[in-house]
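Please keep the sequence and the 3D view open while reading.

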There are 2 protein chains.
Amino acid sequence: MEMCIERYKKLDNNDIKFFVDLLGQDRVFTGENINEDYSHDELGGVSRYPDVMVEVLSAEEVSKIMVYAYKNNIPVVARGSGTGLVGSSVPIEGGIMINLTKMNNILELDEENLTLTLEPGVLLMEIAKFVESHDLFYPPDPGEKSATIGGNINTNAGGMRAVKYGVTRDYVRGLEVVLPNGNIIQVGGKVVKNSSGYSIKDLICGSEGTLGIITKVILKLLPLPKKSISLLVPFPNLNRAITTVPKIIKSKAIPTAIEFMQREVILAAEEFLGKKFPDKSSDAYLLLTFDGNSREQIEADYEKVANICLKEGAIDVYISDTDERKESVWSARGAFLEAVKATTTDMDECDVVVPRNKVAEFVKYTDELQKQFNIRIRSFGHAGDGNIHVYILKDDLSNGEWNKKLSDVFDCMYKKSEDLKGAVSGEHGIGYAKKKYISRQYGEDYIQLMRNIKLAFDPKNILNPGKVCE
Amino acid sequence: MEMCIERYKKLDNNDIKFFVDLLGQDRVFTGENINEDYSHDELGGVSRYPDVMVEVLSAEEVSKIMVYAYKNNIPVVARGSGTGLVGSSVPIEGGIMINLTKMNNILELDEENLTLTLEPGVLLMEIAKFVESHDLFYPPDPGEKSATIGGNINTNAGGMRAVKYGVTRDYVRGLEVVLPNGNIIQVGGKVVKNSSGYSIKDLICGSEGTLGIITKVILKLLPLPKKSISLLVPFPNLNRAITTVPKIIKSKAIPTAIEFMQREVILAAEEFLGKKFPDKSSDAYLLLTFDGNSREQIEADYEKVANICLKEGAIDVYISDTDERKESVWSARGAFLEAVKATTTDMDECDVVVPRNKVAEFVKYTDELQKQFNIRIRSFGHAGDGNIHVYILKDDLSNGEWNKKLSDVFDCMYKKSEDLKGAVSGEHGIGYAKKKYISRQYGEDYIQLMRNIKLAFDPKNILNPGKVCE
């Protein structure tokens with residue numbers, strides 16, 4: 001790995017001239033013309049401006065930039081909406097930032113193959129709106145709807161509906177990718193099956209912009225389920241709520257989503273949104289959704305689940321089958337991250353995933369850590385798929401105390417997740433912030449294998465250096 | 001790629017002694033003690049005996065063998081049931097064959113996480129029997145039920161139910177893998193989501209034994225659908241049958257499977273099985289299945305599809321809702337490969353996958369080739385997922401004529417598939433036999449990237465050399 005410690009070329013005026021000649025003055029930004037937003041993502045504490053930020057409109061432009069960067073040994077970071085939580089799109093070595101948000105066209109809906117072809121800068125909210133207007137469905141449902149599809153593929157984003165429908169990777173049929181040397185390759189396509197060599201498509205999914213730059217996407221769609229029903233189920237305490245989940249899974253009902261939430265997070269969301277939540281009398285809640293093509297079809301499932309919840313000590317089961325009621329509950333759920341953030345000075349998060357029958361044990365452990373370290377911890381997340389979002393809040397701690405406690409608490413949490421045979425990240429990725437923990441869990445041999453894969457794509461290590469495995 | 005042209009070490013008595021010391025005399029086979037079966041798979045025309053065949057019982061044994069092979073530069077091929085169709089498990093460089101069929105224990109059914117943990121040598125038919133006895137479901141359904149799960153993962157096998165349920169990769173949650181240098185790694189696990197570094201799990205799926213040896217598998221299961229119904233739909237000709245399929249997809253009904261078949265293949269299956277097919281009065285048929293939890297739930301779907309078929313010119317729609325009737329139809333479908341084989345002296349197959357709305361065009365083209373080259377061609381396959389199995393039959397051609405015609409016909413077919421934006425293999429893999437076609441379709445840059453990935457795992461190129469991308 002000698003190459004990693006070589007210095008990169010510093011950009012000079014000739015380089016800038018190359019970009020201006022290629023893209024025109026209007027799409028090339030340097031110095032004070034680069035908005036502060038581009039120096040970081042949603043992770044606090046890690047920031048650096050790129051030396052140049054360029055807006056691209058085509059794969060050919062991306063390719064020409066990569067050929068130039070490769071020849072001249074200049075680091076490159078691709079960026080979408082910048083909604084990541086682990087610093088993946090922060091240009092920690094400076095260099096070129098390729099902004100893909102203007103490549104935001106929906107190119108083709110193919111109803112005979114149930115595929116949607118689009119550019120990487122299309123936002124999640126636009127995909128949902130477009131496909132639903134055609135009575136079709138793109139199941140992945142991450143909370144952050146202003147993320148781009150390119151970013152979602154790069155973190156293999158999961159979201160609420162993973163219990164029934166799986167994650168982003170499961171809906172990526174094909175990609176066009178610009179490699180670090182500028183070559184443009186097509187991986188996958190509209191085909192439903194593929195056993196034609198190594199699945200580079202699946203490797204690009206979740207690679208956090210380190211192996212190639214996605215310039216076109218072919219998504220798999222499903223028919224839009226005609227009905228959905230949500231259950232809000234209050235429990236006397238969180239442990240009761242979460243330990244019910246494996247029993248639901250075991251019952252062979254298939255909910256679309258199972259989220260858990262606690263009163264304190266609900267109260268924060270009420271304050272943040274200025275809207276009332278339907279019920280907040282209990283300490284803990286499960287929120288479930290069921291979907292299907294008829295009320296009858298889902299009724300059998302949700303009645304079975306409602307009975308399991310009641311048997312396990314649920315206080316009540318509220319059924320939301322109107323759009324307004326569902327909206328009020330799910331909009332609160334969607335605001336949890338921002339709501340918790342608004343209650344404190346700074347925070348950092350842990351996005352572990354554990355087997356579904358270990359969620360209760362993990363959340364109970366974070367509660368113990370809260371007392372042990374005298375620090376405020378809030379959690380919510382995807383009880384149905386084992387992916388828990390735990391937020392450690394700075395409140396009025398000094399920077400010194402905060403950094404020390406945060407590090408200690410993280411060490412404990414990731415160790416616990418490893419003990420439970422979980423993984424460091426369920427859906428937010430590793431990026432810059434979680435490298436230490438992945439390295440600790442996987443060990444040197446495994447990390448070296450990932451580095452070898454990185455070098456197979458990027459022998460000069462110019463694409464998003466310093467992320468994931470180095 | 002200098003390493004690829006280096007010669008491998010020839011096995012000598014010291015090497016054999018190492019294996020006998022490690023495994024005992026009973027599990028080490030050399031010379032005439034190696035059964036002829038181990039010199040080939042189901043692909044005709046490519047065979048070689050390994051220098052030694054060893055039966056292993058644990059990952060630790062596999063690891064020790066790989067450490068030894070790596071140190072001594074000896075090629076290694078892993079093998080399951082040997083049911084592959086492209087020569088993937090043929091030891092074309094000789095060396096060591098690791099036979100994994102004795103690692104055939106089902107280790108754990110976890111009903112709270114809906115996972116099944118098992119060794120790689122468990123057969124597909126055993127998995128189906130075991131999980132169905134627990135009211136659970138492993139959806140992938142390749143025709144060859146005596147294949148091992150390890151082999152299925154290595155080809156990313158698809159099968160009949162891919163239309164609704166996807167392929168093998170979609171059901172692999174975790175793997176234990178022995179790398180070429182002997183390191184044992186765990187990838188994935190029981191977790192439902194994972195964004196923790198490059199997805200080595202997804203890269204191993206479909207890598208045809210070239211990147212690592214799978215020694216443990218964690219599969220995702222689903223609840224077993226309570227009802228299923230099959231429709232056998234006769235059409236006046238194949239074109240009518242196949243062009244109906246995109247209309248079914250577009251209708252937003254979701255069949256579990258959509259297969260197409262022609263009378264001549266049905267007649268061959270009747271003769272082969274000695275059993276009557278329910279109907280053979282028509283030239284062409286679609287066979288569809290629908291599954292769900294109640295008859296009502298699937299009725300709406302299959303009635304819609306039946307009406308589409310009739311509108312598109314179907315002669316009738318036969319509904320099979322009893323186990324016996326379904327069995328008679330699907331057992332014929334399951335026997336097509338062997339039945340066609342029994343009608344000729346030798347055959348080779350093309351396993352292309354094209355977008356679902358291009359199947360009719362592709363099959364029509366194979367019909368033209370049949371006339372153009374005056375050679376018998378039979379096809380059947382997965383109309384619902386675009387994966388077509390086309391068999392070119394030798395009949396009474398001389399070897400010279402056969403090789404020439406086969407090569408010419410293959411060239412035409414793979415070119416056509418490429419024009420239709422298809423891929424070389426839908427589910428059988430590339431192995432030894434299809435390297436030329438993948439190389440032609442993907443081009444040198446793409447193949448070089450695959451080779452780089454291969455070297456990231458296997459810098460000495462000792463694991464299953466000469467396959468997929470070299």
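Lys9(B) forms a salt bridge with Asp12(B), and the closest N and O atoms of this pair are 3.3 Å apart. The model in which this pair is found is a predicted one. Lys9(B) is partly exposed, with a relative accessible area of 28%, and Asp12(B) is also counted as partly exposed, at 33% relative accessibility. As background, side chains of opposite charge can pair when their charged atoms come close.

| Lys9(B) | Asp12(B) | 3.3 Å |

Salt bridges that share partners join Arg169(A), Lys201(A), Asp202(A), Arg169(B), Lys201(B) and Asp202(B) into one network.

Because Lys436(A) lies in helix α15 (residues 435-442) and Asp411(A) in helix α14 (residues 399-419), the pair ties together parts that are 25 residues apart in sequence. Lys436(A) is partly exposed at 40% relative accessibility, and Asp411(A) is partly exposed with a relative accessible area of 26%.

Helices with these names also meet in chain B, where the axes of α14 (residues 399-419) and α15 (residues 435-442) come within 11 Å and cross at roughly 35 degrees. The crossing of α14(B) and α15(B) is right-handed. On the side of α14(B), the contact is made by Ser407(B), Phe410(B), Asp411(B), Tyr414(B) and Glu418(B), while α15(B) contributes Lys436(B), Tyr437(B), Arg440(B) and Gln441(B).

Which side chain of opposite charge is nearest to Asp41(A), a buried residue that has no salt bridge? It is that of Arg79(A), which is 7.1 Å away. Asp41(A) lies in the loop between β1 (28-30) and β2 (52-55) of chain A, and the side chain of Asp41(A) reaches the backbone nitrogen of Leu43(A) at 2.8 Å and that of Ser88(A) at 3.5 Å. Leaving aside residues up to four places away in sequence, Asp41(A) touches several others, including Gly82(A), Val86(A) and Val90(A).

Methods. Residues are numbered from 1 along each chain as its sequence is written. Chains are lettered from A and ligands numbered from 1 in the order in which they are written. This is a predicted model: local features need pLDDT of at least 70, side-chain atom pairs count only at pLDDT 80 or more; totals for chains, interfaces and linings use all residues. Side-chain values use heavy atoms; hydrogens and water are left out. Helices (H or I, at least four residues) and strands (E, at least two) are DSSP runs, numbered from the N terminus. Buried means under 20% relative accessible area, exposed over 50%, partly exposed in between (1.4 Å probe, protein chains only). Lys and Arg count as positive and Asp and Glu as negative; His and the chain ends are not counted. A salt bridge is a side-chain nitrogen of Lys or Arg within 4 Å of a carboxyl oxygen of Asp or Glu. A polar contact is a pair of N or O atoms within 3.5 Å; within protein, one must be able to donate a hydrogen and the other to accept it, and residues adjacent in sequence count only if both atoms are side-chain atoms. Contact means heavy atoms within 4.5 Å. Axes are lines fitted to C-alpha atoms, for helices over the stretch in contact, and angles run from 0 to 180 degrees between N-to-C directions. A crossing is left-handed if the near helix is turned anticlockwise from the far one by less than a right angle, and right-handed if clockwise.
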